[in-house]
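Hello,

Here is the structure I promised to pass on to you. Please open it beside this email, and I will walk you through what turned up.

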Amino acid sequence: MIRDLERGKIVSKFLVGILTTRNVEKLERCIKSVNTEDAHIVVVVNSPDKDYYGNVKSICDLHGISVVETECNGTPGKGKNSVLDYFLNTKSYEYLIPIDGDDFYENGALKSLLRYVTILEPDETPDVIGQLENKMTYEGKETTWEEFSRILSSSTFAAKSKKNWRMLKQLNKLTEDILPFNRFLVLSSHAAKSFRYNEELKAADDYLAMFELYSQTPKINYFLLRDESLYHYDLQDGGTLHSFVSEDNAENMIPFFEKVNALDFSISKSIEFGTMK
């Protein structure tokens, strides 16, 4: 963090980009979890609800943070690209910390994450910091993805679409074999310029983006948080996983697997990840 004496403003190389589509209560929880003087915050509204921006702006005004509204086509990838675009177009920051507005960071976690970047920088720029296992909340109860997958009753999702439930298991196997982490916590400007989210998929757009970026290594420097969970994922009804296994999503997943299968992971499979504890 640097103080610009002429303008009297705090200058930061970190931008926290919060993407929100609905639910101002969870958005405010997210804002409070990342509120620090060491990073600037922008809330990006990408919602089909035309009244939602006004509700978000009221919350952001209370917290003194910036808010922008972007064009929405109803897919999650469109909103995530709008966060990338804001970060890249401002050209004022070196690192983006993307977060969904219904998720949040653990207490003190963001400061730890920024500290990790500072520690790594003298030797090499951390283009991506990923998290192996993040905490989750489902139906008001805390869990992890591993626990969630193991104890989840098949009647919850599989009854809706057995084909897509099999696809979800296939996706989990794919991530075990190729991609050893499940979330971007930090993206450098170099990494942010190196990929785009698919704006047609109804779900799994984040996985496809991670696969595409990962296939470009060793051009991208990766680091993993192996023993620490900073990011808390709120799995909600009507969210991405429910979209993934819904009956009308079968056709949506065909291009997903076609695109992943076309990627070349021969180089990235052989790299060794740096780890942070």
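Let me start with a term: two residues are in contact when heavy atoms of theirs lie within 4.5 Å. One caution before we use it: this is a predicted model, so local features need pLDDT of at least 70 and side-chain atom pairs count only at pLDDT 80 or more, while totals for chains, interfaces and linings use all residues. Residues are numbered from 1 along each chain as its sequence is written, and side-chain values use heavy atoms, with hydrogens and water left out.

**The chain as a whole**

The protein chain holds 11 helices and 14 strands. These are DSSP runs numbered from the N terminus: helices are H or I with at least four residues, strands are E with at least two. Of the 277 residues, 50% are buried. Buried means under 20% relative accessible area, exposed means over 50%, and partly exposed lies in between, with a 1.4 Å probe and protein chains only. Among contacts between residues at least 6 apart in sequence, 80% join residues at least 24 apart.

**The cores and helix H4**

In soluble globular proteins, nonpolar side chains tend to be buried together. A nonpolar core is a set of buried Ala, Val, Leu, Ile, Met, Phe, Trp, Tyr and Cys residues joined through side-chain atoms within 4.5 Å. The largest one here has 39 residues, and Val-16, Ile-18, Val-43, Ile-97, Tyr-105 and Leu-113 touch the most other members. Helix H4 (residues 109-120) supplies the largest share of this core, 7 residues. A second, separate core has 29 residues, including Val-42, Tyr-207, Leu-208 and Met-210.

Which residues does Ile-97 contact, leaving aside its neighbours within four places in sequence? They are Phe-14, Leu-15, Val-16, Gly-17, Tyr-105, Leu-110, Leu-113, Leu-114, Leu-185 and Val-186.

Within H4, the buried residues are Ala-109, Leu-110, Ser-112, Leu-113, Leu-114, Tyr-116, Val-117 and Leu-120. From first C-alpha to last, the 12 residues of H4 reach 17 Å, close to the 16 Å expected at 1.5 Å a residue; the expected span is 1.5 Å times one less than the number of residues. Lys-111 also lies in H4. Lys-111 and Asp-38 are 73 residues apart in sequence, yet 7.8 Å apart in space, C-alpha to C-alpha.

**Helix H2**

The buried residues of H2 are Tyr-52, Val-56, Ile-59 and Cys-60. They lie on the same side of H2 because they cover an arc of only 100° around the axis, the arc being that of the directions from the helix axis to the C-beta atoms. These residues pack against strand S3 (14-20), helix H1 (24-34), strand S4 (40-45) and strand S5 (66-69). Just after H2, Gly-64 takes a positive phi of about 70°.

**A sheet and its hairpin**

Four strands form an open, mixed sheet in the order S7-S13-S9-S10. Strand S7 (104-105) and S10 are the edge strands, each pairing on one side only. Two strands pair if DSSP finds at least two bridges between them. Strands S9 (residues 135-138) and S10 (residues 141-144) run antiparallel and are joined by 4 bridges. Lys-135 has Thr-144 as its bridge partner in S10, and Tyr-138 has Lys-141. The hairpin of S9 and S10 has 2 residues between the strands, and Glu-139 takes a positive phi near 55° there.

**Aromatic pairs**

Rings of Phe, Tyr and Trp (its six-membered ring) pair if their centres lie within 6.5 Å; planes under 30 degrees apart count as stacked, over 60 as edge-to-face and the rest as tilted. The whole structure has 5 such pairs. Phe-184 and Phe-195 form a tilted one, at 5.6 Å centre to centre and 50° between the planes. Tyr-214 and Tyr-222 make an edge-to-face pair, at 5.6 Å centre to centre and 85° between the planes. Tyr-214 counts as buried because its relative accessibility is 3%, and Tyr-222 is buried with a relative accessible area of 5%.

Enjoy exploring, and write back with any questions!
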